[in-house]
Amino acid sequence: MAGNFVDYVKIYCKSGRGGAGSSHLHRDRLTAKGGPDGGDGGRGGHVILRGNDQFWTLLHLKFRKHIKAEAGANGSSGERSGREGANEIIDVPLGTVARDGETGEILFEITENGEEKILVKGGRGGLGNVHFKSSTFQTPRFAQPGEVSTEMWCVLELKVLADVGLVGFPNAGKSTLLSSVSAAKPEIADYPFTTLTPNLGIVSYRGFRSFVMADIPGIIEGASEGKGLGHRFLRHIERNSILLFMVPADADDIAGQYQILVNELEKYNPELLDKERLLAISKADMLDDELREEMSTLLKEELPENVNWMFISSVSGLGLDQLKDKIWKSLNDD
């Protein structure tokens with residue numbers, strides 16, 4: 001499945017040109033020299049992005065590099081307007097950000113199902129000569145040409161939409177947690193960087209309620225500078241309401257690892273630190289009650305006072321219900 005997840009594409013988009021207005025003068029068997037009756041040209045088609053909650057990747061655009069909308073038809077006699085060019089509608093997953101491919105400027109983002117936004121506008125149709133007649137100029141023999149089409153390179157980036165994002169070093173137990181609390185089946189193995197793409201899972205909660213959890217590929221120190229896989233996927237964390245940091249119980253320095261993760265997020269985007277944060281000490285089934293008590297005392301001294309932390313085990317189920325309670329409370333606090 002890793003090869004099927006595409007979260008970045010660059011595409012060439014071209015809107016339709018506008019149809020030309022008509023400069024026709026009315027003639028029929030009863031009228032030798034009628035007035036102007038040229039119709040307007042049709043608008044060229046737009047290139048439009050549309051949100052579709054059935055899509056989770058940009059894979060369908062990976063090999064579709066050139067997208068062109070239809071041109072508008074020319075106006076004709078009898079003040080008949082030309083047909084508008086058909087729009088080219090591109091379905092994209094929710095959380096897709098559109099950028100100008102040359103400047104990098106953010107144009108807009110798609111966050112709702114069915115939401116439509118124009119990526120490249122079609123050219124306006126030209127006015128027919130009927131619009132230019134007047135009492136002093138009764139037979140204009142000209143009309144407006146249609147506007148030319150617009151073309152540009154556009155970058156589409158997908159930022160995963162989830163309530164909770166799992167943040168941690170490789171092999172911190174993120175994938176195991178996601179598979180334990182949801183129906184998601186991420187790859188789980190005992191080597192670093194098992195997770196190569198974000199995985200989403202719907203976590204069931206009490207009373208048929210639920211929230212969405214995302215497993216983000218492991219972050220290492222220096223990820224904000226492009227090391228490892230973290231830099232590529234840090235943008236997915238920007239859309240999460242809560243960041244759940246995970247550090248394994250057998251780590252040499254739990255507080256130190258937590259601080260490294262926080263520092264990497266701050267370097268990438270300082271606004272990430274404004275999000276609600278929880279810290280889960282994973283793989284706690286390896287600790288007996290006495291060791292957990294000793295570690296708790298140590299963590300209270302080493303971790304900042306505002307850090308809300310707890311022990312969990314995805315294997316034994318230790319603390320998972322309490323973790324879901326905390327997440328739900330945080331998501332629904334005003």
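**Aromatic contacts, strand pairing and cysteines in the predicted model**

The structure is a predicted model, in which local features need pLDDT of at least 70 and side-chain atom pairs count only at pLDDT 80 or more, whereas totals for chains, interfaces and linings use all residues. Residues are numbered from 1 along each chain as its sequence is written, and side-chain values use heavy atoms, with hydrogens and water left out.

A pair of aromatic rings is described by the distance of the centres and the angle of the planes. Rings of Phe, Tyr and Trp (the six-membered ring of the latter) were taken to pair if their centres lie within 6.5 Å, planes under 30 degrees apart being counted as stacked, those over 60 as edge-to-face and the rest as tilted; by this rule the count comes to seven aromatic pairs. The ring centres of Phe-132 and Phe-142 are 5.2 Å apart and the ring planes stand at 40 degrees, so this pair is tilted. Phe-132 and Phe-142 both belong to the loop between S7 and strand S8 (151–158), 10 residues apart. Phe-142, at 39% relative accessibility, likewise counts as partly exposed, and Phe-132, Phe-137 and Phe-142 form one aromatic cluster.

Strands are DSSP runs of E of at least two residues, numbered from the N terminus, and two strands pair if DSSP finds at least two bridges between them. An open sheet of mixed pairing is formed by three strands in the order S4-S2-S7. Strands S4 (88–92) and S7 (116–120) stand at its edges with a single partner strand each, so that one side of each is left without a neighbour in the sheet. The twist from one strand to the next averages 30 degrees, with angles taken between N-to-C directions of lines fitted to C-alpha atoms, on a scale from 0 to 180 degrees. Four bridges connect S2 (residues 47–51) and S7 in the antiparallel sense, and Ile-48 has Ile-118 of S7 as its bridge partner.

Strand S1 (residues 8–14) runs antiparallel to S8, to which it is joined by seven bridges, with Tyr-12 opposite Trp-153. S1 also pairs with S3 (residues 66–68) in the parallel sense over three bridges, and here Cys-13 stands opposite Ile-67. Cys-13 is buried, at a relative accessible area of 0%, and Cys-154 is likewise buried at 0%. The sulfur of Cys-13 has its closest cysteine sulfur in Cys-154, at 4.2 Å, too far for a bond. With a disulfide defined as a pair of cysteine sulfur atoms within 2.5 Å, the structure holds zero disulfides.

Terms used
Buried means under 20% relative accessible area, exposed over 50%, partly exposed in between (1.4 Å probe, protein chains only).
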